[in-house]
Structures are given as C-alpha cells and as structure tokens.
Amino acid sequence: MYTSKISGLGYYVPENIVTNDDLSKVMDTNDKWIQERTGIKQRRHIKKGDGNSTSIMGAKAAKIAIERASLTTDDIELIIFATLSPDMYFPGGGVQVQEILQMKTVPALDVRNQCSGFVYAISVADQFIKTGMYKNILVIGSENHSGGLDMTTRGRGVSVIFGDGAGAAVLTRSEKEGSGILSTHLHSEGAHARELSLEGPSTGHWVPEIIEENPQENIPYYPYMNGQFVFKNAVVRFSEVINEGLQANNLTAQDIDMLIPHQANLRISQFIQKKFKLSDDQVFNNIQKYGNTTAASIPIALTEAWEQGNIKEGDLVVLAAFGSGFTWGSAIIKW
Ligand code: UT7
C-alpha cells in the first residue's frame, strides 16, 4: 500500500509590497477598515516589468520545492497546476511551467478550483500515487490577482483582499504506513457559483459584448463577491470539512499540531480556531503579509510554517480550504 508524503515545499512572492495606505491612494478605503475586517496589512502585487506571471511565479516556487525534495525536474512524472488567474485562456499553466523548467514530456494537468485549488490538486496527486502510477508529482498553486482587479472604489470590497504569489509541493511515494497524506475530503455546491465569480471574458461573456452591454457599471470581467454570504458559508464549511477529516481518521481537534487554513480572512481563521479550541501555535496565519492568494495561499502558508520550524516529523497537519464554486476540502497529513 503506497502513501504520499510531502517531500519538498517552496514559495515565491513578488518583491513589490502594496500596503493598505498605498491602496487608500487609489480608492476610498483605509488601513483601519482593511485590518479590522480582514487582518490584512499588506500584500504583494506583480509590478509591470518585473518579469513575473502566474506560470513564472509557479515555476520559481516549484524549483525550490523540487530542490528541497532532493530531486531534479527529471524525476517529476506529473505536474498539477491550480489557479484561477492563468496567463492564457488556454493552454493552462501546467504546460507553461513544464516549458520554463525544461521538463520532459510528462503530463500537465490544470485544476480550476479557486481557493480550494491546492487541496483539490494534492488530492488528485495523492490518488495517482496511491494507485502506483507515479512516484513524484509536482503540485503548484499560483495567482496573479493584481492583473485583473478593479482598483477603483467600485471594486474595493474585493480588490483590497487579494494578493499575488505562488506555492508548490512535491508529493513522493512512501511505503510507511500511517504517515503522509492520510485522507482528503472534497466538496462543491454549484448552486452558489455566482456568489464569488468572474463571468468574463468567457464564451458566455465575450469582450466586445461586455463592453457594449456594460459601458460603465457592473462590469463582469472583474471579480464579484457577495462577501457576507461567502463569509457565512465559509465558517460552516471549514468546520464541517475539518471535522469530516478528523472523524475519518479517528482523531479529534486536540490531535492537531498545525492547522493551515486557506488564508481568506483572519476573522474566519480565528472563528475556526475558537470553535476547535486550538491555541495560537496550532493555527498558522500569514494573511497579514500576503492577503488572500487563493490557490497559492495554503502552499505559501505551509512552506512558511515548515521553514519557521512549526512543523516537525510526526506532526498532524490539517489543511482546509473554502472558496468560489463553492468548493471546499481538507487534507489530513501525518508529517
Ligand atoms: O477566499 C475565498 C473565500 N472568501 C472569503 O471567505 C471572503 C468572505 N468575506 C469576507 O471576508 C468579508 O465579507 C469582506 C472582508 C469581504 C467584507 O467584510 P464585511 O464585514 O462583510 O463588510 P461588507 O461587505 O458588509 O461592507 C461593510 C461596509 C459597506 O459600507 P456600508 O454599506 O455599510 O456603508 C461597504 O461599502 O464597508 C464598505 N466597504 C469598504 N470600506 C472601506 C467595502 N469594502 C471596503 C473597503 N474599504 N475596502
């Protein structure tokens, strides 16, 4: 029986720091509102000319993860790339990373599950490893949000939250029973697809059509979020899916050494922490520095937690995510 262990982690964020005060210069917002409602102090944005893109950031994070796994790109047998902000409408970011890192003609698969993208992606990787098909799989979450946000007061309810960056993990086959990824749990609820969405450009909203129909207001090629509705669903689904994972493994919240929640909002993380009666050192948050980086948020946070010595061999690590779709999921990992 094979299991998957995380053998390498890496992240990359652009150098350009955008503070809340910087945002208040271009839209009607302020540091107090952003910190009180979200916990965010700053985020990174790609700067024109800095050479970054979703796939380039993903490749940078991937390179670090592969090196830390003591592997080379030749050892990777499958690339799984999660993003909602690909460089191109098609093809996906996976093949671009393959090209940037000059990898062999291994399969490259894109996952489109927004904030749950990384959890979905490692779940897919885990299945390929468990069946014995592959030994080493590269999983990436990367986002260039700043390229598509409405940076005016009209978009402030969404634009202050999101940041750019990438995180990556290498999943490697292990034969050590009871360690590695113990289980993953995935859900979706398409009834709420439009509550957090970007409708166009798409085959449903082609660019000339959008401009004609929306000369000023309500432009569907900027992201839309029904914030309070998303918030209320998030706290319920996060709790459910963490419980589901714990129960599947006969564990309780007190067994958790490190919970890495998707960095959606510090208030959501604090709610979950309280609900599961976890101490500050059992939950990792870095939304203060990076904002919400969607598919990249869990691998960036996981990498930072590991780099800072907060995850040790034998620890029980829980990943949990909720986001657009709605989609949500958890992963229970024995490190
Ligand atoms: O990662 C995927 C999952 N995403 C989430 O889980 C996000 C969930 N939702 C949230 O985190 C919160 O709903 C937000 C942070 C997005 C918004 O916080 P909120 O407490 O729900 O605020 P709100 O949307 O109800 O807006 C309250 C007020 C409004 O003004 P009025 O109508 O009360 O006068 C907004 O217009 O705050 C105003 N507002 C702002 N003010 C200053 C909205 N955005 C801003 C802003 N700066 N950036």
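1. A polar contact is a pair of N or O atoms within 3.5 Å; within protein, one atom must be able to donate a hydrogen and the other to accept it, and residues adjacent in sequence count only if both atoms are side-chain atoms. Such a contact, of 2.8 Å, links the side chain of Thr184 to that of Ser123.

2. The structure is a predicted model, in which local features need pLDDT of at least 70 and side-chain atom pairs count only at pLDDT 80 or more, while totals for chains, interfaces and linings use all residues. Residues are numbered from 1 along each chain as its sequence is written, and side-chain values use heavy atoms, with hydrogens and water left out.

3. Thr184 belongs to strand β8 (residues 180-188); helices (H or I, at least four residues) and strands (E, at least two) are DSSP runs, numbered from the N terminus. Why is Thr184 classed as buried? Its relative accessible area is 17%, and buried means under 20%, exposed over 50% and partly exposed in between (1.4 Å probe, protein chains only). Leaving aside residues up to four places away in sequence, Thr184 is in contact (heavy atoms within 4.5 Å) with Ser123, Gln127, Ser330 and Ala331. Ile76 lies 108 residues from Thr184 along the chain, and their C-alpha atoms are 22 Å apart.

4. Asn52 lies in the loop between β3 (42-44) and α3 (54-68). Asn52 counts as buried because its relative accessibility is 11%. Beyond residues up to four places away in sequence, Asn52 touches Tyr12, Pro14, Ile46, Met57 and Lys60. With Lys60, the side chain of Asn52 also forms a polar contact of 2.8 Å.

5. Which residues are closest to the ligand? They are Thr29, Arg37, Gln228, Asn265 and Asn292, within a shell of 24 residues (a residue is near a molecule if one of its heavy atoms lies within 4 Å of it). A polar side-chain atom of Thr29 is 2.6 Å from a nitrogen atom of the ligand. Taken alone, the ligand exposes 960 Å², of which the protein buries 74%; accessible areas come from the Shrake-Rupley method with a 1.4 Å probe.

6. Two or more residues of the shell around the ligand come from each of α2 (31-38), α6 (156-159), α8 (227-248), α9 (266-275) and β12 (316-323). The largest share, four residues, is supplied by α8.
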